[in-house]
Amino acid sequence: MWLNPEEVLVKNALKLWITERSNAFFLLQRRRGRGKTTGKISGLLVGALDTVLDSNARVTPFRILLQVPGSPISWIIASGAAMEEVNKHWDWLVHNLLHSLSVFDNKDDVSNFVKGKVKGLIAEEVRGRQAAQEDDPEKFREALLKFELHFQLPSSEKLVTFYSCSCWKGRVPRQGFLYLSINHMAFYSFLLGKEVKFVIPWAEVTRLERISGGFMTDAIRVSTRRRQRDFSMFLNLDEAYGVVGQLADIALRRLLDSEGLELDRVLQQPARITKRVLEEQALREYVLALFRLPRSERLHEVASCAAWTPHARCHTAGTLYTTDNYLCFSSREEGQCLLLLPLYQVLSVEKAESSQVLPEPIIVSMRSKKAFQLIQLQDREHLVESLTCRLRSLQLKQSTFRRGAHNRTASSCSYYTFYYQEEEEEEEEVEEQVLRNTVNKQALITAFQHASTHNTKNTEAVKEQLWEDNFLEFGRGVHMFRTEKVQRLVAMGIPESLRGELWMTLSDATSDLEAHQDYYASLVHKSMGRSSLATEEIERDLHRSLPDHPAFQNPTGIAALRRVLTAYAHRNPKIGYCQSMNILASVLLLYAKEEEAFWLLVAVCERMLPDYFNRRVIGAQVDQSVFEQLIRERLPELAEHFPDLSTLSSVSLSWFLTIFVSVMPFHSAVCVVDCFFFHGIKAIFQLGLAVLETTSELLCRSCDDGHALMVLSSFLEHVGREDSSSQPPADQVPVTRLINDALERFGDLTVRKIERLRCHHRIQVLQAHEDTAKDNTLRLVSSEVSMCGDTLADIYDLFKTEHFISLYWGDTSMAAAAQAASWSRGGVSYLERRYRLDRPQFKSLYGLLAPWAGESGRHGDTLADRTFTLLDQDQDSLLTFRDFAAWLDTLYCGELNERIKLLYRLHLPPALTGSEDLSSVMPGVSTSRPLYVKVASGLGDGQEVKDYQEQLKQMLQDLVLAKEKDVEKPLPLMKQKEFIQFCKTLYSMFHGDPEENELFQAIATVTSLVLQIGEADHRGRAPRSRGGDCPDNWPDSESMESQWTVSFAQIFASLLTEQTLVNFLEKPGDLAVRIAEAKQKQYQQRAGLLTLQQRHR
């Protein structure tokens, strides 16, 4: 294959390589010990070395070098694993390039010509591979060339797909092509001699919606903060809308919320994104949501088939999905029949004899001695082979784990039963007796149960019998058939004796428990007793968790809740602890054993409610936005009465976060939790819509938002159980009736639709967070600068765009390193460090916004380097928006003395270095301390992390020191060499100005005056000679020069003597004009520069 040319010294490589073919410019070489059998010791040694090397470090056995006559350096331009492959490249070079190279006189021209040709061949291969993945490779290749030609973006801007459509301008459609790439959507049209061309970064898209009406029958509206674009006349509007939404969602998650939202491993590498990958990703997200699988599961096979359903005594048509650890079956009609088979419970997957009645069948045998039959599998051979291979791998992993677990001592963490209070003691004393590192083996409800009425006991007995009959018909355990009959049983409420078991089954937390034996006990042992911010928050909320339930009025329940929440915070520090987790964990502990409750909490936080429990609760806000759209679609009258649905969203947020537990009576709320574990988040959407529909008449009569909130609160407080008492209140609403109404009225709401809506509404939520972050940042900075709010907002947009451009096409490893360095800083708020610029990014904006037009060329680049070094006071090679805004404010809005002072400081250390080679300046070590401090490995376990309170004290001391540093100190004196650089800067500033000659004369006068002042001051300090002879201790010329200094006051006073110079420096710059020009130039200028950099790598 062709390679990006890489330098190599042939002289040192001859011992390892043998030249097979050669001419004046090219060498074809073979690695010693490869390709031909030889008995020489050198070949055997090299061959042995290559064999034992890691696969990533191994060298291909054949290569082609570009060798320029007279040069000791050659370039590797191709390599291959076989001689035939390299010979094809050699023949192409001989027939197409060799004769052309003789016309060049300069050897550098030869190497540049060949390297350019090779890079062109590599680009062609990349285009070819990308086009080969499309349905119509030739058509895609043509579109790719047009995309590159029309928009001139760097080659790393990968085109994903394109569509023929019309873009509307008023009532006029412009027919053209919509190009969708990994970071942008672009449109191009050329009709009747008029060209229409524009590029919209995904990062600027704030809303996507489908519209219909007027001249546009069905169109996609793309909204940004500045304008809207409407696109219509797609051949496949559904597909285009889905792809646009996916690309915008992926880009925004990658750019705006990389710390909070995890992307799939494939999507973290934008260069691998194709239309096919997007389709697979959409299907994977749907499968994970439908079966509530772990987010790490990869989708392998998707096959249409029919599964034998014993309860129906027939085969049910549907789709089989296979992932890393599961076999999943779903009927064609979503929710009619679901089957989940964890691979760790599968014994074998075998082919059965095919017949007309049972075509292409396979039998899946379980360890529980059950078997499942699937028929009508088209690619049965591949499916069975793939599943068998994964089964072997899983079984090998399990056997290794079990051997390791068996060898571990069992004394690390013991299990204990309850400690019950029998004497009247203070609660603090009791909690001391309940060991914090013990784990309860029983559900809390077994010991702390409300008094039951006779009706309740009878109802529970009936439910238990119904479920026992159901187990006989549909199976018991994770592989139970989940049908409409099971759904009806769940809607009635799961009996308390089976609730914990069925929650574990329906959520498949059982698989996590089986796969991680003793994991929870070890977490408890590690986490209990440690102090952190999460544990402080947990301690505050422990007694607020179901305070009316007797289980949490007792030290036993409180201790169990503490262990579960602390262990989870230790397991997942990214989430740690969030409010409402205590309420969920309390309910889980009541009906499940403590270890089971822990794994149920893992399932809820990480699989069933993804992205709900993080710093910004993005997932919950996305679902609130989806809920608002469903209200508009399903309850239009209510939506018309409440044009702003945020009032209802403020109430419904707690419905989603606590699964109605915090707003309903406890025994009613656990029935909702039953439905949640069976249906997932779909149950909360359906029940929320049912609540609003039931109360819609009262809500529409409400006079204000407060009254509407009281209506909803009152309704939910009166949702009860039919068996709760013999005479229920007149206004009580049975929870089973409410659940059945929700299923009947809104049962057509599918997981697939929810996932599609989530994708599009996540864009709005992330952009809303972005707007809030921008407002907060501007509010923080505006008090420190003199610029107006609109100007500051425009500068923020330029600053953010510059940051994004480098993320689009820059060096990702450098960006990642800079981001990691910035997060380790202390004393800087999240808003300040949200977007940061490194040196090349700052220099780009410097060239666009610097007020003096004469600062161009090499000296302007030098000044930009000095400015960055001066502003980077933390020496972390990053600038915050506050630093950047303060610099611009000084240049455009500062007084004359402030501007001169800035110029003065640019010519003193550390901004001015002796060599002016700033690339060699190493960033200093920040004295700020992060919250987590890693200590030497030799310390004991108890000393691995400092107590966070001590760290907080140290951080406060650092802040005091920082404030002391901020006190303005007198500027140091300027030496003669530094003053020469200062004069050079002043001369460069006037180039191109209409009064250039007068300014040059003025600066010459000022320079002469300052030199005289410095010389006079220097002579006054120097010792005088006697008799005209210099004494022996008279300093040499270097010492004399080092003693020549002038102060800022002297330079400033000298500048004030020339009115022409004062007028120039006081002339107010038009920052608004520079910003407008920068917006026009920034994108293409940076794109062109980055393209040039990539070509010369």
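Which residue stands opposite Leu 338 in E20? Arg 482 does.

1. Basis. This is a predicted model, in which local features need pLDDT of at least 70, side-chain atom pairs count only at pLDDT 80 or more, and totals for chains, interfaces and linings use all residues. Residues are numbered from 1 along each chain as its sequence is written, and side-chain values use heavy atoms, with hydrogens and water left out.

2. The sheet. Eight strands form an open sheet with antiparallel pairing, in the order E17-E18-E19-E13-E14-E15-E16-E20. Strands (E, at least two residues) and helices (H or I, at least four) are DSSP runs, numbered from the N terminus. Strand E17 (346-351) and strand E20 (482-483) are at the edges with a single partner strand each, so one side of each has no neighbour in the sheet.

3. The pairing of E20. Strand E16 (residues 337-342) pairs with E20 in the antiparallel sense over two bridges. Two strands count as paired if DSSP finds at least two bridges between them.

4. Aromatic pairs. The whole structure holds 47 aromatic pairs. Rings of Phe, Tyr and Trp (its six-membered ring) pair if their centres lie within 6.5 Å; planes under 30 degrees apart count as stacked, over 60 as edge-to-face and the rest as tilted. The pair of Phe 627 and Phe 656 is edge-to-face because the planes are at 65 degrees, with the ring centres 5.5 Å apart. Phe 627 belongs to helix H20 (residues 618-634) and Phe 656 to helix H22 (residues 646-658), so this pair ties together parts 29 residues apart in sequence.

5. Phe 627 is buried at a relative accessible area of 1%, and Phe 656 is buried at 0%. Buried means under 20% relative accessible area, exposed over 50%, and partly exposed in between (1.4 Å probe, protein chains only).

6. Charges over rings. The charged end of Arg 229 sits over the ring of Phe 198, 3.8 Å from its centre; that of Arg 499 sits over the ring of Tyr 591, 4.9 Å from its centre. The term requires NZ of Lys or CZ of Arg within 6 Å of the ring centre and within 35 degrees of the ring normal.

7. Leu 699. This residue lies in helix H25 (residues 696-700) and counts as buried at 0% relative accessibility. Leu 699 and Leu 638 are 61 residues apart along the chain, and their C-alpha atoms are separated by 7.6 Å.
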